[in-house]
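Hi,

Here is the structure I said I would pass on. Have a look at it first, and my notes follow below.

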Amino acid sequence: MPYHVAGRRLVAMSSGAAVVTSPPLVLYIVPDGVKSVCPVAGVRRESTFVPGLFADVTPLRESVEFRWLWAGQSLSSIGSFMTMVAVAIQTYDLTGSSVAVGAISLASLVPTLLLGLFGGSLADAVDRRRLVLLTGCGLMSVSLLFAVQALLDWRQVWLLYLLTATSAAVSAIDVPARRTFIPRVLPVKRLQAAAALSQLSFQVAVIAAPVLAGVLIASAGLEAAYGLDALTFVAVLVSVRRLPPMPPDSGGSKLGLRSVVEGVKYAVNHKLIGMIFLIDLNATVLAMPTALFPALAATRFGGGPRTVGYLFAAIGIGGLIAAILSGPLARLRHQGRAMLISVAIWGAGIGSVGLTHNLWLAVTFLAIAGAADIVTTVFRATILQTKTPDDLRGRLNSLDFIIGLGGPNLGNVRAGTVAGLAGPTISILTGGAACVLGVLLLATNRTFRRYDAKAPDGSIGE
C-alpha cells in the first residue's frame with residue numbers, strides 16, 4: 001500500500017478508500033464519493049471534491065506542504081518574469097539593438113540544453129530537498145548580483161549574458177528536482193488539480209509581472225526589480241525548508257551518462273510519456289507565433305508597440321481564464337484524447353490569425369489558443385507525474401523542462417525564417433495548418449487516443 005504525505009498526516013491509499021492517521025492516533029475510512037465526519041475533535045478530514053466550474057483548490061485545503069510550495073513558487077514566478085523584463089530593458093538601453101536582446105534567449109537556452117538532463121540525473125541521485133535549498137540559494141545570489149550591477153551602473157552587456165547563463169544553468173538543476181515534490185506531498189487523485197493551480201499562478205505571473213516590472217523600473221530603477229526577484233526566493237526557501245527529506249525511492253541512481261540514457265529510454269519507450277512530449281513539440285515547434293507579432297502588428301493590423309502588446313497579452317489572458325475555469329477538467333477520463341483536441345484547437349487558433357485583418361478578432365483567436373494550451377499543459381503534467389516512477393522523476397522532469405524551453409525557441413526560429421522567406425502571414429498560416437496536420441498523424445496512436453485515466457487498471461479503457 002503506497003504512502004504519501006498530505007498536510008501533516010500520513011495517508012495510505014488503497015482501492016476506493018483513504019486511511020488517515022493523525023495524532024491522536026485515529027483511523028477512519030473515507031470511501032470514494034462519500035463525505036465523512038470524524039467523531040474525534042482535532043482530526044482533520046479528507047474532503048470530497050465534486051467537479052464544478054472553477055479551479056479545484058482541494059490540494060491547497062488538504063496539504064500544508066502544497067500550500068507553501070504553491071505560494072513560494074507563485075511569488076518566485078513573478079520575480080523571475082520581472083527579471084526577464086528588466087534584463088531585456090537594460091540590454092536594449094545599453095546596446096540599442098534588438099539582436100542583442102534576442103541573444104538573451106540564446107544565453108539561457110545553451111546551458112539548459114547542455115546541463116538539463118544531467119540536472120535530472122543529479123535530482124535522482126541525492127536528497128532533492130537539500131538540492132533545491134542549495135540551488136535556491138544560488139538563484140537568489142544571481143538575482144542579487146543583477147541588482148548590484150544595476151545599482152553600481154557597471155553597464156557591461158557581457159555581464160548580463162553571463163548572469164543569465166548562470167541562472168539558466170542553476171535552474172536546469174533546480175526545476176527538475178523541485179517538480180518531484182508535488183507527487184510526494186499529494187495523492188495521485190489530486191495531481192491534476194495541482195497542475196491546474198500551478199498553471200493558474202503561472203498565467204497570473206505572465207500577465208502581472210511585466211506590468212509590475214515596468215512600474216517598478218520607471219519609479220525606482222532596474223535594481224528594484226532585480227532586488228524584488230531576489231526577495232521572492234525567501235518564500236521559496238521557507239516553503240522547501242518545511243518539507244521532510246526527499247530522497248528518491250529505492251535509494252536513487254548513480255549520477256552519470258548511463259543514468260541520463262536510462263531516463264531518455266524510459267520516455268521513448270513508454271506508451272504515454274513519449275507521446276506527450278511529441279504532442280508538445282508538435283504544438284510549439286510548428287505553431288509558436290510570438291516571433292511574428294511585431295511584423296503582424298505592423299503589416300496586417302496597422303499598429304505599433306501597443307498592438308504587439310495586445311497580441312502577446314491575448315494568449316496569457318486566454319490561459320488565465322482557462323486556468324480559473326479548469327474545474328470541468330476533472331471529469332475528463334480520456335486525457336490523451338483531450339490533449340490531441342486541445343493542440344488541434346491551439347493550431348487552428350494560431351493559424352486563424354492569418355485569415356483576418358481585424359485586430360480584435362485576431363486577439364480572440366489567440367485567447368482561444370491560449371485557453372487550449374492550458375488544457376494541454378495540465379494533462380501533460382498529470383500524465384508525466386502519475387506515470388513516472390519516483391526514482392526517475394528527476395530525469396523525466398528535466399526532459400520535460402528542456403522540451404518546454406527548447407520547443408518554443410525552435411518554433412520562433414521556424415516562424416521567423418518562414419516569415420523572412422514568404423512573409424509573416426504565410427508563416428502563421430502554414431504553422432497553424434502544420435500543427436493541425438501533426439495532430440491528425442499523432443492521433444493514429446490508438447493506445448494514446450484511448451488512454452483512460454479512470455480505468456480500473458489505470459491504463460486503457462474503451
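**What I found**

Let's start with a loop: Asp153 sits in the one between helix H4 (128–151) and H5. Helices here are DSSP runs of H or I with at least four residues, strands are E runs of at least two, and both are numbered from the N terminus. Asp153 has a phi near 55 degrees, positive even though the residue is not glycine. Arg155 is in the loop between H4 and H5 too, and its phi is also positive, about 55 degrees, without being a glycine. For background, most residues other than glycine have a negative phi. Asp153 counts as partly exposed because its relative accessibility is 47% (buried is under 20% relative accessible area, exposed over 50%, partly exposed in between, with a 1.4 Å probe and protein chains only).

A word on the model: it is predicted, so local features need pLDDT of at least 70 and side-chain atom pairs count only at pLDDT 80 or more, while totals for chains, interfaces and linings use all residues. Residues are numbered from 1 along each chain as its sequence is written, and side-chain values use heavy atoms, leaving out hydrogens and water.

Overall, the protein has 17 helices and 4 strands, and 52% of its 462 residues count as buried.

Trp346 touches Ala283, Pro289 and Cys435, among others, not counting residues up to four places away in sequence (contact means heavy atoms within 4.5 Å).

Is Asp174 buried or exposed? Asp174 is buried, because its relative accessible area is 3%. This residue belongs to helix H5 (residues 157–179). Leaving aside neighbours within four places in sequence, Asp174 is in contact with Val132, Thr135, Gly136 and Leu139.

Finally, Ile321 lies in helix H12 and counts as partly exposed, at 47% relative accessibility.

Cheers
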